[in-house]
Number of protein chains: 2
Amino acid sequence: MENFKQTSQRLAIIDYLKDNKNHPTVEEIFKSVKDKNPHVSLATVYNTIDMLKKRGIISELTINSTKRRYDPNPNYHHHFICLSCKNVFDIEEKINITLSEELKNSYKIHGYEIDLYGYCNNCKKELSGID
Amino acid sequence: MENFKQTSQRLAIIDYLKDNKNHPTVEEIFKSVKDKNPHVSLATVYNTIDMLKKRGIISELTINSTKRRYDPNPNYHHHFICLSCKNVFDIEEKINITLSEELKNSYKIHGYEIDLYGYCNNCKKELSGID
DNA sequence: TTATTAATTTAGAATAATTCTAAAATGGAA
DNA sequence: TTCCATTTTAGAATTATTCTAAATTAATAA
């Protein structure tokens, strides 16, 4: 894939995403970028996200089903989702899985992604009130 | 939670979902159910899905980001997603994971869900043409 | 069986996220 | 600088989902 034009809009979006651990939605990206550069349109945010996704610079999370969230963390990683506060945390540690021979024969497995569910440290203490 | 009224619409939807391994979308459910019972509305499909979800009878997949897919498989299981045909297969086998002490200390982990990615048996042979 | 009623269904409107469109603007090569 | 392919833009279009309020109906009790 060729190089891309360095427009101020794209640089602002990339800057916002850099090292961002919040798995922002498109709306969040748009809002934040617009604050600094009011001349940015929502369509451009969508376009840029698309471009970054195609280049593998960010990836789309499949955790929330109503809004897409994006993850600029380039390291292979998993996620922990807190059942209480719904926050999503990156898990960069390698997690080994044990696959049976049968499974390995049935599918050509290239990779895996693990979503851990539970309660984060912040929410642990409030555990009693959870329904 | 109380019992629910057994309406013909609900029974048709439940019947369609029973043993369904296709992880259907709302649209697919609606279409199929409408064929047999033209007096069913989309809103009812949404309502019923919601009810079944709340009761834990079906679960919502977080694999596709544009349409929600539903899974009536009551057994705890993982998924295999074929990168070529995009089909989603249920993996009922238990997959063990190894979590570090540090991770176990940072989070109270209740469960996990694994998405395996790769190529299914059908698509394996066509592997060369994949981009 | 019949009457009652709370729950459910319905069509269509409303909302929300995303994609499309076509005209205007612009980065970067020549 | 000029040029032009790429990008941006505002707003319209599309799509999935939720809401609304009136009509229907399953299940209960008389």
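This is a predicted model: local features need pLDDT of at least 70, side-chain atom pairs count only at pLDDT 80 or more; totals for chains, interfaces and linings use all residues.
Q: What makes the contact between H1(A) and H2(A)?
A: H1(A) supplies Ala12(A), Ile13(A) and Tyr16(A). H2(A) supplies Ile29(A), Ser32(A), Val33(A) and Lys36(A). By class, five of these residues are nonpolar, one is polar and one is charged.

Q: What puts the buried residues of H1(A) on the same side of the helix?
A: The buried residues are Ala12(A), Ile13(A), Tyr16(A) and Leu17(A). They cover an arc of only 130 degrees around the axis, which puts them on the same side of H1(A). Helix H2 (26–36) and helix H3 (42–54) of chain A pack against them.

Q: What makes H1(B) oblique to H2(B)?
A: Helix H1 (residues 8–17) and helix H2 (residues 26–36) of chain B pack at about 120 degrees, with axes 10 Å apart. That angle makes H1(B) oblique to H2(B). The crossing is right-handed. Ala12(B), Ile13(B) and Tyr16(B) of H1(B) touch Ile29(B), Ser32(B), Val33(B) and Lys36(B) of H2(B). The contact has five nonpolar, one polar and one charged residues.

Q: Why are the buried residues of H2(B) said to be on the same side?
A: Ile29(B), Phe30(B) and Val33(B) are the buried ones. Their arc around the axis is only 95 degrees, which puts them on the same side of H2(B). On the other side, Glu27(B) and Asp35(B) are exposed. The cover over the buried residues of H2(B) includes H1 and helix H3 (42–54) of chain B.

Q: Why does Ser84(B) count as partly exposed?
A: Ser84(B) has 16 C-beta neighbours inside 10 Å. Buried needs 20 or more, and exposed needs 12 or fewer. The count for Ser84(B) falls in between, so the residue is partly exposed.

Q: Where is Ser84(B), and what separates its C-alpha atom from that of Gly118(B)?
A: Ser84(B) is in the loop between strand E3 (78–82) and strand E4 (88–91) of chain B. Its C-alpha atom and that of Gly118(B) are separated by 8.1 Å. Along the chain, Ser84(B) and Gly118(B) are 34 residues apart.

Q: What makes up the contact between chain A and chain B, and which element of chain A gives the largest share?
A: Chain A gives 33 residues and chain B gives 33 residues. On the side of chain A, the elements with two or more residues are strand E5 (96–98), helix H4 (101–106), strand E6 (107–120) and helix H5 (121–124). E6(A) gives the largest share, 14 residues. By class, that side of chain A has 16 nonpolar, 10 polar and seven charged residues.

Conventions
Residues are numbered from 1 along each chain as its sequence is written. Chains are lettered from A and ligands numbered from 1 in the order in which they are written. Axes are lines fitted to C-alpha atoms, for helices over the stretch in contact, and angles run from 0 to 180 degrees between N-to-C directions. Helices (H or I, at least four residues) and strands (E, at least two) are DSSP runs, numbered from the N terminus. Angles under 35 degrees count as roughly parallel, over 145 as roughly antiparallel, 65 to 115 as roughly perpendicular and the rest as oblique. A crossing is left-handed if the near helix is turned anticlockwise from the far one by less than a right angle, and right-handed if clockwise. Two residues are in contact if their C-beta atoms, placed from the backbone, lie within 7 Å. Ala, Val, Leu, Ile, Met, Phe, Trp, Tyr, Cys and Pro count as nonpolar, Asp, Glu, Lys and Arg as charged, and the others, Gly among them, as polar. The arc is that of the directions from the helix axis to the C-beta atoms.
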